[in-house]
Amino acid sequence: MNISLEYPWMLALIVLPAFVFRIFPAYLQPAASIYVPFFARLVAATGQAPTSGSQVKQRKRIQAMALLLSWIAIIICLARPVLLGEPVVTQKTGRDLMVAVDLSQSMEQEDYQLNEQGTVSRLVALKSLLNTFSEQRSGDRLGLIVFGSGAYLQVPFTEDTVLWQTLLDQMDTQMAGPATAIGDAIGLSIRAFDGSKSTERILLLVTDGSDTSSRLDPVDAARMAAADGIEIFTLGMGSVDTEGDDKVDFNTLNKIANITAGHAFEGNSTGAIEQVLLQVNQIAPAQYQQQSYLPKLDLYPWLMGPMLVIYIFVWLALSISTAMASKGRADVK
C-alpha cells in the first residue's frame, strides 16, 4: 500500500500545545472556601502564608492520554492522508480525419491488383487498403462520406475503428448515384467538422473521375474548408495519362490540396495507393493526448471514527466513575 500526505506541513502543528502551555497561564478554577471576619488574626495565629483560593485542576492519566491521542489524530487528518491506487492512464483523441470515397460507376473497373485476390475492382482494392490504413490511426476519430451524384455521411466521427471498417465494407458502387459530386462531398465534410472540437482536421478525398454533378464548385468548397482550418489530401485513382470519360481531374485536385495546405497524390495502382496512405501517415501521424492520474482514497474517516469512539468511551468511564464516587461520599454522610 502506498500512503501519502497531501499537506505534510500541517504536522508541524503537533507541537502547538507545548507553546500554548508555556506562554499562557493555566486556567484557575475557584475551590470551595469559608469566609471568616477574623481571617487576618487567624493567619497571624497559625503563622501560615495565605494562598489563592483557586486551584489548577489536574487531569487523570486516562484523560491526558485521550486528549493527546485526539490532538495527534486531528493534526494527521489535517495533513490529509490518502491511499494511492494504481496509475490510471486515459487517452484523448487528438485529430479528426474524414475519408470521402467516390462511389461512381467507374469505381467498378477491375484494373487493380491485390496479392490475395488477383485483379479486382478499384473499390475492392481501396476498401482493403483503407482497412489497413484505419488500423494505423490509433487515437484519431474517423469519419466516412460516400459520394456519387450526391454526398452522404456514412459514418460520423467515431473512435470505434471496427464499426468504421464494417460500414466501409458494406458500401458499394452507385449507392450514391452514377455521377461524381466532389464539391458536395467537400461541403458535407465541412458540416461534419462543425461539431468537432479538434484543432487537427483532415479530409482524405478519394476519386477516380472529375466533378460532374456538384451544386457547389469544388474549388470554392476548398476555400471554405481552408477557412475552417481543414486540410484536404486528395487521392486520384488513375493515371495522369488517361484520356476520355475515365480521366481524373488532377488539375482540380491539385488546386483543392494547395488551397487547404494539403497534399495531392496519384494512385494509379494498388502499390501506389498503399504508398500514398503510408505518406499520409507520415505527413499527419495519428495523435492522441495522454493523461494519467493517481486515484486517491481519503483515510481520515478511518482515523477519526475510532478516535471518536475511544473519546466517547473515556468520557463515559469518567462520568460513571465520578457518579459512583459522589454516591459513595453521600452514603458515608
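Author: Let us begin with strand S6 (residues 96–102), which is mostly covered, since 7 of its 7 residues are buried; please keep in mind that this is a predicted model.

Reader: Which residues of S6 point one way, and which the other way?

Author: Asp96, Met98, Ala100 and Asp102 point one way from S6, while Leu97, Val99 and Val101 point the other way, and all of them are buried. In a regular strand the side chains alternate between the two faces of the sheet.

Reader: What makes S6 and strand S9 (residues 141–147) a pair, and in which sense do they run?

Author: Two strands pair if at least two bridges are found between them, and S6 is joined to S9 by 7 bridges, with the two strands running parallel. As one example, Asp102 stands opposite Phe147 in S9.

Reader: How many bridges does S6 have with strand S11 (residues 201–207)?

Author: S6 and S11 pair over 6 bridges, in the parallel sense, and the bridge partner of Met98 in S11 is Leu203.

Reader: What makes S1 and S15 edge strands?

Author: The open sheet they belong to has 3 strands in the order S1-S4-S15, with antiparallel pairing. Strand S1 (2–5) and strand S15 (296–298) are its edge strands, for each pairs on one side only. From one strand to the next, the twist averages 35°.

Reader: How do you know that S1 and strand S4 (residues 81–84) pair?

Author: The requirement is at least two bridges, and S1 and S4 have 4 bridges in the antiparallel sense, so by that definition they count as a pair. Among the residues concerned, Asn2 has Leu84 in S4 as its bridge partner.

Reader: Why is Ser134 called buried?

Author: Buried means under 20% relative accessible area, and Ser134 has a relative accessible area of 1%, so Ser134 is buried. Ser134 is found in helix H4 (residues 122–135), and, leaving aside residues up to four places away in sequence, Ser134 touches Leu142, Thr161, Trp164 and Gln165.

Reader: What makes the pair of Phe233 and Phe265 edge-to-face?

Author: The ring centres of Phe233 and Phe265 are 6.4 Å apart and their planes stand at 75°, so, with over 60 degrees as the cut-off, the pair is edge-to-face. Because Phe233 belongs to strand S12 (residues 230–236) and Phe265 to strand S13 (residues 263–266), this pair ties together parts that are 32 residues apart in sequence. Phe233 is buried, and Phe265 is buried as well.

Reader: What share of the whole chain is buried?

Author: Of the 333 residues in the chain, 36% are buried, and the chain contains 10 helices and 15 strands.

Key
Residues are numbered from 1 along each chain as its sequence is written. This is a predicted model: local features need pLDDT of at least 70, side-chain atom pairs count only at pLDDT 80 or more; totals for chains, interfaces and linings use all residues. Side-chain values use heavy atoms; hydrogens and water are left out. Buried means under 20% relative accessible area, exposed over 50%, partly exposed in between (1.4 Å probe, protein chains only). Contact means heavy atoms within 4.5 Å. Rings of Phe, Tyr and Trp (its six-membered ring) pair if their centres lie within 6.5 Å; planes under 30 degrees apart count as stacked, over 60 as edge-to-face and the rest as tilted. Axes are lines fitted to C-alpha atoms, for helices over the stretch in contact, and angles run from 0 to 180 degrees between N-to-C directions.
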